[in-house]
Amino acid sequence: MGTVHKTPGEEALANVPGSAVRSFDTEFAGDVVLPADPEYGRERQVWNGMIDRYPAIIARCSGVADVVAAVTFAREQGLPLAVRGGGHNVAGTAVCDGGLVVDLTPMNAVRVDPEERTVRVEGGATLGDVDRETQLFGLATALGAVSQTGVAGLTLNGGYGHLSRQYGLALDNLRSVDVVTADGQVRTASADRNADLFWGLRGGGGVLGVVTSFEFELHEVGPEVYAFFTWFHADDAAAVMDRYLEWTADAPCEAGVLAFAAHVPELEEFPEETWGEPVVAMLGSYRGDLEDAADVFEPLRTSATPTADFSGPMEYVALQSMLDEDYPDGLRYYWKSIYLTDVTDEVVEVMLRYNESTPSALSTIDLWHLDGAVSEVSPDATAFRHRDKPYMLTIEANWEDPAEDDANVDWARAAFAEVERLPVASGRYGNFPGLNEDPVERRFGGNYERLVDLKTEYDPTNLFGTTGTVAPRTGAD
């Protein structure tokens, strides 16, 4: 008879006393999913199809008391712990081999206070959950640009989106959070309470605890905005990018545009003769007076003859969800980002050359225009450091076939390495971290030592260590 091989989850669970597991399950109000349960295979999956990990226990929390119970159980049993908000971090930090997953997805309530212009969001909510509720009152907070993304991971690592240049990062809009720390205590952190913890949670990427709810500021946005979504043939890339960089130099903060190199998808919305061709495209929005929008984007639209133009007024919730189909659950993803002090000819050349050579037509190379409200906050005001860089370049490898994993990851890493060698490039962004293989100091820069101090204070045994980033100082107890 052949040897029966156990998964890492089964092996770890076998080392936990059965009585302890039964007691935890009995006291837990939500669902405790074990490797033998029929739903285990589904529940261990995350957004990135590359990630294939086997936790010992998946604890689907119904409320804060469940989170406390799960954190306490993992600490007492010596189990690694991962936290799943939306499960969308490309590195797969929402699930771990042989550990306990604190699954917040059942905790997705959103409560709007239109008079105070705040919204309270539970840790398992998505951007779409928030936008749906806040837009009832013509309000929004600065979040990302794909509605299926989880609010928690996006915010704890920064949070760029359509509103960033006007209202800052997602974490800049936080008024307070509720967090369960490694000792099982529930704390509220804000500018006035546990201010040091609040500093570290804003950008620390979840290394200090499980954030169970977020309180955000709201702003008047929508319900209708102007979307700018225009595609140009790659032959016109030089002229288009030159005009784009001129435009970003003095663009109004009510407007933001991301430029990207891609290939025309085989969709009926595009002329069939252009399918598969390399292109440079732009996606952005304007939240000012809609009558002014065409003039705001006219310099970009006339930089060359578009091959397709989908620009025009649309509902804000539609803008927030228009990319959802491009990033489905189960596709394979490898994304890395680096900040730029300037977009040189060399940067543009790398974008275009690697777009031509990509193994997958689903991949893109994106140039984010930052600046605006993001740069108005001091780099040491929060754990998030890289505010003084006006641009960010993201290499997005997206593909379907597992047999093509190496080819696509190698492509992305090669493109990234070329940009990294340029003098205009530095830093890292926690939401697009590859597989967390780079030195963590590049993410936090001069804020790193302070974050290590906080990690040593609040999580001395590194219970929240599966993020693969900040560790406590050696010898902490």
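Helix α10 covers residues 290-301, so 12 residues in total, and runs 16 Å from first C-alpha to last, close to the 16 Å expected at 1.5 Å a residue. That expected span is 1.5 Å times one less than the number of residues. Helices here are DSSP runs of H or I with at least four residues, strands are E runs with at least two, and both are numbered from the N terminus.

A quick word on the source: this is a predicted model, where local features need pLDDT of at least 70 and side-chain atom pairs count only at pLDDT 80 or more, while totals for chains, interfaces and linings use all residues. Residues are numbered from 1 along each chain as its sequence is written, and side-chain values use heavy atoms, with hydrogens and water left out.

Back to α10. Its residues A293, V296, F297, L300 and R301 are buried, meaning under 20% relative accessible area with a 1.4 Å probe and protein chains only; exposed is over 50%, and partly exposed is in between. Seen down the axis, the buried residues of α10 sit within an arc of 140°, so they line one face of the helix. The arc is taken from the directions from the helix axis to the C-beta atoms. On the face turned away from that buried side you'll find the exposed E291 and D295. The buried residues pack against β12 (224-233), α9 (237-249), β13 (255-263), β14 (278-286) and β15 (308-309), with contact meaning heavy atoms within 4.5 Å.

Next, H386, in the loop between β18 (364-369) and β19 (391-399). H386 counts as buried because its relative accessibility is 8%. Leaving aside residues up to four places away in sequence, H386 touches Y160, Y339, G427, R428, R442 and R443.

Polar contacts are N or O pairs within 3.5 Å; within protein, one atom must be able to donate a hydrogen and the other to accept it, and residues adjacent in sequence count only if both atoms are side-chain atoms.

| Side chain | Backbone atom | Distance |
|---|---|---|
| D289 (oxygen) | E291 nitrogen | within 2.9 Å |
| H386 (polar atom) | R442 oxygen | 3.0 Å |
| H386 | R443 oxygen | 3.3 Å |

The D289 contact is at the start of α10.

The whole structure has 2 cavities of 30 Å³ or more. A cavity is a set of points on a 1 Å grid over the protein atoms alone where a 1.4 Å probe fits but cannot get out, and lining residues have an atom within 4 Å of a point. Grid points are joined across faces, edges and corners, and a volume is the space filled by probe spheres set on the points. The largest cavity has a volume of about 110 Å³. Its lining has 12 residues, with R428, P433, N436, D438 and R443 nearest the centre.

Terms used: On a 1 Å grid over the protein atoms alone, a cavity is a set of points where a 1.4 Å probe fits but cannot get out, and a pocket is an open set with protein on both sides within 12 Å along at least five of seven lines; lining residues have an atom within 4 Å of a point.
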